[in-house]
Amino acid sequence: MNHEIIRPLTDAFLDVFINMKRDFFAIDGYPFDETLMRENTGYFLAHPEAGAVFMIFDETGAPIGFLILAFMFSFEFGGRITFLDELYLGDKARGKGYGKYAVNFVKEYAANNNLKAIFLEVEHHNERARGLYEASGFKDHHRRLMICRPE
């Protein structure tokens with residue numbers, strides 16, 4: 001595999017990306033709002049300081065997945081960090097090494113862009129993804145992830 005299989009999202013693949021997001025959200029039954037997804041994607045494409053969206057392609061050039069990085073600043077970690085917000089591979093692409101390649105891409109991207117740490121979350125039931133991340137050097141953090149949505 002080469003770096004050409006992971007490329008920044010362009011308008012040419014926007015509809016494919018949105019459809020993949022729909023499939024990704026359906027896996028765990030999360031609500032999907034296409035208008036909001038298009039707005040959020042447009043924001044990321046217009047504001048590269050906020051993060052980056054990449055499409056993943058197979059060797060034939062067919063789109064098979066995507067990954068999204070969200071950038072933040074952390075005093076604790078000494079600068080900018082990234083959150084691997086989403087990594088998705090379609091059913092036919094799973095188990096073929098693309099996930100490992102994508103995680104390695106993220107690690108290299110972080111190193112090349114002076115990002116101090118990579119955070120991610122994984123669903124408790126998704127043992128396959130957890131195994132991938134652990135094999136790639138990710139560890140459980142001693143802190144608990146918590147959330148609050150402003151009213």
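Contact means heavy atoms within 4.5 Å. The model is predicted, so local features need pLDDT of at least 70 and side-chain atom pairs count only at pLDDT 80 or more, while totals for chains, interfaces and linings use all residues. Residues are numbered from 1 along each chain as its sequence is written, and side-chain values use heavy atoms, without hydrogens and water.

Of the 151 residues, 36% count as buried (under 20% relative accessible area, 1.4 Å probe, protein chains only).

Now color by secondary structure. There are four helices and five strands (DSSP runs: H or I of at least four residues, E of at least two). From the N terminus, the order is β-α-α-β-β-β-α-β-α.

Next, select residues 14-27, helix α1, and residues 34-46, helix α2. Their axes come within 11 Å and cross at roughly 125 degrees. Axes are lines fitted to C-alpha atoms over the stretch in contact, with angles from 0 to 180 degrees between N-to-C directions.

Show side chains at the contact. From α1, pick Leu14, Asp15, Phe17, Ile18, Lys21, Arg22 and Phe25. From α2, pick Glu34, Met37, Arg38 and Thr41.

Methods: Buried < 20%, exposed > 50% of the residue type's maximum accessible area, 1.4 Å probe, protein only.
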